[in-house]
Amino acid sequence: MKAHVRKSSQQPKETVLLYHLEPEKEKKARQVLENCGAKVITASPEDSEQTLGALLGMDGFPRFEGEPDQKAESEAILFSGFDNTRLNVVLSRLKSAQASTPYKAVLTVNNQGWTIAHLIGELAKEHNLLSRLDQLRGLTRQLLQHDPKKLSEQNRQDAVDSLAKAQSIMKRPSSASIDDIDMTIAGLQRSIAMAMAADINHANHETPVRQKDESEKTE
């Protein structure tokens with residue numbers, strides 16, 4: 001199925017490209033968007049090598065003729081002509097209608113010449129990074145819940161180093177590579193495992209002492 005595009009000299013103010021959504025989701029999304037007054041364009045993996053500008057029917061962006069070498073199979077939604085307020089309203093309604101998707105983007109001067117396959121590749125990288133950052137934040141919170149005094153000196157230092165690295169990455173995520181983030185996640189996971197083991201060990205040492213104290217009180 002080719003993209004349904006009407007060539008025009010001027011793109012409507014609010015236009016949404018629905019790429020490769022499964023039929024029921026596409027139906028829900030179209031209803032939401034049309035109720036919001038937006039123009040809806042659909043595209044499929046057959047359009048993977050079309051530029052965003054071509055798919056949106058913009059002048060100066062000719063269509064690619066021929067079959068794509070590789071087809072982008074992920075769902076995506078592209079927004080064009082929305083201000084921030086309107087975009088937030090539409091995103092909220094799509095989410096409520098269960099018609100959203102993780103891969104979403106806004107058309108810009110910089111990306112209008114990208115192919116849809118390239119856009120999805122960039123969105124995949126971004127989504128992957130955000131997922132790892134969420135994991136990093138969760139592990140950081142989890143490690144901070146443990147008492148570092150229960151750890152051995154070496155394990156305590158390892159935990160401090162992992163936390164410092166995690167906080168540095170979260171302050172400037174764009175400067176960190178995926179490998180750096182993965183290594184930091186692994187370090188946090190090791191420190192959490194050590195902290196949990198230390199908690200158990202500490203509790204096991206405390207239990208006999210409490211039992212002895214209670215026994216002496218009853219004598």
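Val16 stands opposite Val40 in β2. The model is predicted: local features need pLDDT of at least 70, side-chain atom pairs count only at pLDDT 80 or more, and totals for chains, interfaces and linings use all residues. Residues are numbered from 1 along each chain as its sequence is written, and side-chain values use heavy atoms, with hydrogens and water left out.

Val40 belongs to strand β2, residues 39-43. Strands (E, at least two residues) and helices (H or I, at least four) are DSSP runs, numbered from the N terminus. The C-alpha atoms of Val40 and Val16 are separated by 5.0 Å, although the two residues are 24 residues apart along the chain. β1 and β2 pair in the parallel sense, over 5 bridges. Pairing requires that DSSP finds at least two bridges between two strands. Leu18 has Thr42 as its bridge partner in β2. From β1 the chain crosses through helix α1 (residues 23-35) to β2, and this β-α-β crossover is right-handed. Right-handed here means that, with the strands pointing away from the viewer, the path from the first strand over the helix to the second runs clockwise.

Val40 counts as buried because its relative accessibility is 13%. The classes are buried under 20% relative accessible area, exposed over 50%, and partly exposed in between, with a 1.4 Å probe and protein chains only. β2 as a strand is mostly covered, with 4 of its 5 residues buried.

Which residues is Val40 in contact with, leaving aside its neighbours within four places in sequence? They are Val16, Leu18, Arg30, Leu33 and Glu34. Contact means heavy atoms within 4.5 Å.

## The sheet

The sheet is open and has 4 strands in the order β2-β1-β3-β4, with mixed pairing. β2 and β4 are the edge strands, and each pairs on one side only. On average, neighbouring strands of this sheet are turned by 20 degrees against each other, direction ignored.

β3 spans residues 76-80 and is mostly covered: 5 of its 5 residues are buried. Ala76, Leu78 and Ser80 point one way, Ile77 and Phe79 the other way.

β3 runs antiparallel to β1 (residues 15-19), and 5 bridges join the two. In this pairing Leu18 stands opposite Ile77. β3 also pairs with β4 (residues 104-106), in the parallel sense and over 3 bridges. There, the bridge partner of Ile77 is Lys104.

β3, helix α3 (residues 84-96) and β4 form a right-handed β-α-β unit. α3 lies across β3 and β4, at about 155 degrees to β3. Such angles run from 0 to 180 degrees between N-to-C directions, and axes are lines fitted to C-alpha atoms, for helices over the stretch in contact.

## Helices α4 and α5

Two packed helices are described by the angle between their axes and the distance between the axes. For α4 (residues 116-144) and α5 (residues 153-171), the angle is about 145 degrees and the axes are 10 Å apart. The crossing of α4 and α5 is left-handed. That term applies if the near helix is turned anticlockwise from the far one by less than a right angle; clockwise is right-handed.

On the α4 side, Leu133, Leu136, Arg137, Thr140, Leu143 and Leu144 take part. They meet Ala159, Leu163, Ala166, Ile169 and Met170 in α5. By class, the contact has 9 nonpolar, 1 polar and 1 charged residues. Ala, Val, Leu, Ile, Met, Phe, Trp, Tyr, Cys and Pro count as nonpolar, Asp, Glu, Lys and Arg as charged, and the others, Gly among them, as polar.
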